[in-house]
Amino acid sequence: MASIAEYYAGKNVLITGGTGFMGKVLVEKLLRSCPEVKALFLLVRPKAGQSMQQRVSDMMKCKLFDRVREDNPDFHQKIVAVSSELTQPGLAISPEDVERLNACVNIVFHCAATIRFDEPLKHALQLNVLATQQLLGLAHQMQHLEAFIHISTAYANCNRKYIDEVIYPPPVEPKKLIELLEWMDDGIVRDITPRLIGDRPNTYTYTKALAEYVVQQEQGKLNIGIVRPSIVGASWQEPFPGWIDNFNGPSGVFIAAGKGILRTMRANNDAVADLIPVDVVINLTLAAGWHTAVHRPKTSLVYNCTTGGINPFRWGEIEHHVMSSFKRNPLDQAFRRPNANITSNYLINQYWVLVSHKFPALLYDLFLRLTGQKPQMMRIFNRLHKAINLLEYFSRQDWEWNSENMNMLMNQLTPEDRKTFNFDVRQLNWPEYIENYCIGTKKYVLNEDMSDIPAARQHLRKLRNIRYTFNTLLVVFIWRVFIARSQMARNIWYFVVSLCFKFLSYFRASSTLTN
């Protein structure tokens, strides 16, 4: 049987979401570990004033592709950008490009989706469900298609505590929902969204569940596989440890904690934080593409790509290691020393939000106003609180996922493929991974120079001294106020001072006798 790299040799691969976080890693891994792949077709739309060619060109200049660039400086010749817009009819692909894709594509990896938790339902439905539907329609026309791999999420069925590797019945018939929302005003849709999504926390998980059902309907006509990653984080090993390029999910929380902005977060210390490194997800995805094409399972296989049931790591442990890491490798110009705490108690959390977030933000903004600068800290904290509130649902509870298909797939691989396309999370060392993750946010997201760490440490020491001085002055001030107003406070003060004096006198007398 052909190895994974041998299977992809000479193949044409279509990738949606190729310029996104996971898409980039997928493109890089294919080019590096399957060097004989023929061509990678990326569906790309113009964005922020950039053409699709500019976006792909900028992507290929990314540090992520350094290893590929060393092995093959002409790797960009294998990447073909195809103009597309997922929210438009026919995905806005030109007839010429449709004809070209239909004639040559062998494997489709559908990674594109909106991952915003607070996305309006109509837009989330367009990107996550309708676009998937249209891509499946295009796949039906592909004359040499061997596998269609859909990237979902492990939280598509987060309203269940135990999640098996099956497609669950959808909360509503997707076709009926699409027809309903077509004529509805956006305001009405916004008002009924909470009732539509029911016991799911957001439109993202809701529409991803619908998309899975849409994909399943085609399993008799296409060779389909579905990969369900949990919370996707920085790379574990490839192309180098700790690579990350965005503030999404835990990355933004880690950075806020490292900068000393985040001091409290509502979560369950004992709940499993189901982080999954991005390279683990991509290795599993490529292996799933190989298995789907070569073995052609009778029904669509679902792969729960999670760590909680295999190598669990809890939120309390993450908090400890993140704080330790940022104290060893601090971020530049931190607002305060890293010192965040996790609590599951709502009242305690609100107290610390007031004391450690809002009050310092107001003071700092007042200072900025007095110095003629634009206030910004309260706005930063408001954005942080909004992001944390969206994550609370996932940080306060845990789930149990079945991962039999992932284990089965691992057993199908040759020893060499297990090394090259490693997705065995039992080998993952969490403290080392979190350390690399934190360093990765510093190097690749904030673009800070590691040579500046001594200066950053000096800055933390300065902040520590300022904090100690402020706390001491505050205690002395409060105590003096009490002494001035209370005879009892003065008596306690005189008693403590006399006790200290007696202790020092005894210590000096003992030292004299000993000498």
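This is a predicted model: local features need pLDDT of at least 70, side-chain atom pairs count only at pLDDT 80 or more; totals for chains, interfaces and linings use all residues.
The protein is divided into two parts by domain assignment: domain 1 takes in 4–244, 273–312 and 397–423, and domain 2 covers 455–514. Taken over C-alpha atoms, the centres of domain 1 and domain 2 are 61 Å apart.

Strand E1 spans residues 12–16. Five of the five residues in E1 are buried, that is, under 20% relative accessible area. The burial applies to both faces of the strand: Asn12, Leu14 and Thr16 lie on one side, Val13 and Ile15 on the other.

With E2 (residues 39–44), E1 pairs in the parallel sense over five bridges, and Asn12 stands opposite Ala39 of E2. Between E1 and E2 the chain passes through helix H2 (residues 21–33), giving a right-handed β-α-β crossover. Strand E4 (residues 107–110) also runs parallel to E1, joined to it by four bridges. Here Val13 is the residue that stands opposite Ile107 of E4.

The second largest pocket holds about 970 Å³ of space. It is lined by 24 residues, and the closest to its centre are Arg263, Arg336, Pro360, Arg467 and Phe470. Strand E12 (341–343), helix H13 (346–370) and helix H18 (453–485) are the elements that each give two or more residues to this lining. H13 supplies the largest share, with nine residues. By residue class, the lining of the second largest pocket comprises 13 nonpolar, six polar and five charged residues.

Technical notes
Residues are numbered from 1 along each chain as its sequence is written. Side-chain values use heavy atoms; hydrogens and water are left out. Buried means under 20% relative accessible area, exposed over 50%, partly exposed in between (1.4 Å probe, protein chains only). Two strands pair if DSSP finds at least two bridges between them. A crossover is right-handed if, with the strands pointing away from the viewer, the path from the first strand over the helix to the second runs clockwise. Domain bounds come from an automatic or database domain assignment. On a 1 Å grid over the protein atoms alone, a cavity is a set of points where a 1.4 Å probe fits but cannot get out, and a pocket is an open set with protein on both sides within 12 Å along at least five of seven lines; lining residues have an atom within 4 Å of a point. Grid points are joined across faces, edges and corners, and a volume is the space filled by probe spheres set on the points. Ala, Val, Leu, Ile, Met, Phe, Trp, Tyr, Cys and Pro count as nonpolar, Asp, Glu, Lys and Arg as charged, and the others, Gly among them, as polar.
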